[in-house]
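Welcome! Below is a guided walk through one protein chain, written for someone meeting it for the first time.

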Amino acid sequence: VERQKSLLEEEKEKTEKLLLNILPREMADELKNQGKAKARNYRQATVMFTDFQGFTRLAEKYSPQELVAELDSYFIKFDEIVNKYNVEKIKTIGDAYMCAGGVPIRNKSNAIDTTLAALEIQRAMREITAKKEELGQEAWQIRIGIHSGDLIAGVVGIKRFAYDIWGDTVNTASRMESSGV
């Protein structure tokens, strides 16, 4: 009985980690306790989009495994950076990376936090580019768009939960990224 209890606790811990890897803690707790997570309106949040220039052309030069490994290496670095600045990763969409400051935990420093994360991502990309050029490899170039304002955040889905954000602030950040040089 003790062994089964221990195994059950281990499985519960694994499930908890997996859930927290998908959703912010506040949303995961609400979902577990109430079966649904309530959507929230944020009056001041900051959204950042990144996207790799010419990704379709770049992708043609890689095997599927190489492409995913390369993209993963960038996104892991971005994850480390946004975590450092308390910015919430929302999702990746193909080669795009979306995150937001001030959600799900509101704070007044979200614009500064998100901007500092963006500047560090730029710095990391310059370092990666220099290393790749030394090795004679093609470096990936990135565009970044940021916008601050109000948005709505919530959890959608029943089969595969997703924490997401919506609103003009999100759309404008996306347009800032896609219009960048």
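V68 is exposed, because its relative accessible area of 57% is over the 50% cut-off. This residue has its place in helix α4. In space, V68 and D95 are 9.9 Å apart, C-alpha to C-alpha, although 27 residues separate them in sequence. Please keep in mind that everything here describes a predicted model.

**The chain as a whole**

How far can the prediction be trusted? The chain averages a pLDDT of 92, and 100% of the residues score at least 70. Confidence is highest in strand β3 (residues 96–101), at 98, and lowest in helix α1 (residues 2–22), at a mean of 82.

The secondary structure comes to six helices and five strands. Read along the sequence, these follow the pattern α-α-β-α-α-β-β-α-β-β-α. Taken along the principal axes, the C-alpha atoms fill a box of roughly 60 × 45 × 25 Å. The chain has 181 residues, and 39% of them count as buried. Among contacts with a separation of 6 or more, 67% are between residues 24 or more positions apart.

**Aromatic rings**

How many aromatic pairs does the chain hold? The count comes to ten. One of them brings together F52 and W140: the ring centres are 5.0 Å apart and the planes stand at 75°, so this pair is edge-to-face, the class for planes over 60 degrees apart. F52 belongs to strand β1 (residues 40–52), while W140 sits in the loop between α5 (110–134) and β4 (142–156), so the pair links parts of the chain that are 88 residues apart. F52 counts as buried, at 2% relative accessibility. W140 counts as buried as well, at 1%.

W140 also forms an edge-to-face pair with Y62, at 5.8 Å centre to centre and with 90° between the planes. Here too the pair links distant parts of the chain: Y62 is in the loop between α3 (55–59) and α4 (64–84), 78 residues from W140. Y62 is partly exposed, with a relative accessible area of 23%.

Elsewhere, a charged residue meets a ring: R106 lies over the face of Y42, at 4.2 Å from the ring centre.

**Buried and exposed residues side by side**

The table gathers the relative accessible areas of several residues discussed in this report.

| Residue | Relative accessible area | Class |
|---|---|---|
| W140 | 1% | buried |
| F52 | 2% | buried |
| E30 | 12% | buried |
| D51 | 13% | buried |
| Y62 | 23% | partly exposed |
| V68 | 57% | exposed |

E30 lies in helix α2 (residues 25–34). Which residues does E30 touch, not counting those up to four places away in sequence? They are G35, K36, A37, K38 and R40. E30 is buried, because its relative accessible area of 12% is under 20%.

D51 is found in strand β1. With a relative accessible area of 13%, D51 is buried. Leaving aside neighbours within four places in sequence, D51 is in contact with D95, A96, Q141, I142, R143 and E177.

**Helix α5**

How does the span of α5 compare with what its 25 residues should give? At 1.5 Å a residue the helix should span 36 Å, and its end C-alpha atoms are 36 Å apart, which agrees. The buried residues of α5 are N110, D113, T114, A117, A118, E120, I121, A124, M125, T129 and K132. An α-helix has 3.6 residues a turn, so residues three or four places apart point the same way. What covers the buried residues of α5 includes β1, α4, β2 (87–93), β3 and β4. After α5 comes G136, whose phi is positive, near 75°.

In which sense do β4 and strand β5 (residues 162–166) pair? The two strands are antiparallel, and their pairing runs over five bridges. Within this pairing, A153 stands opposite I165 in β5. The hairpin has five residues between the strands, and G157 takes a positive phi there, near 100°.

Methods: Residues are numbered from 1 along each chain as its sequence is written. This is a predicted model: local features need pLDDT of at least 70, side-chain atom pairs count only at pLDDT 80 or more; totals for chains, interfaces and linings use all residues. Side-chain values use heavy atoms; hydrogens and water are left out. Rings of Phe, Tyr and Trp (its six-membered ring) pair if their centres lie within 6.5 Å; planes under 30 degrees apart count as stacked, over 60 as edge-to-face and the rest as tilted. Helices (H or I, at least four residues) and strands (E, at least two) are DSSP runs, numbered from the N terminus. Buried means under 20% relative accessible area, exposed over 50%, partly exposed in between (1.4 Å probe, protein chains only). A charge sits over a ring if NZ of Lys or CZ of Arg is within 6 Å of the ring centre and within 35 degrees of the ring normal. pLDDT is the predictor's confidence in each residue, from 0 to 100. Two strands pair if DSSP finds at least two bridges between them. Contact means heavy atoms within 4.5 Å. The expected span of a helix is 1.5 Å times one less than its number of residues.
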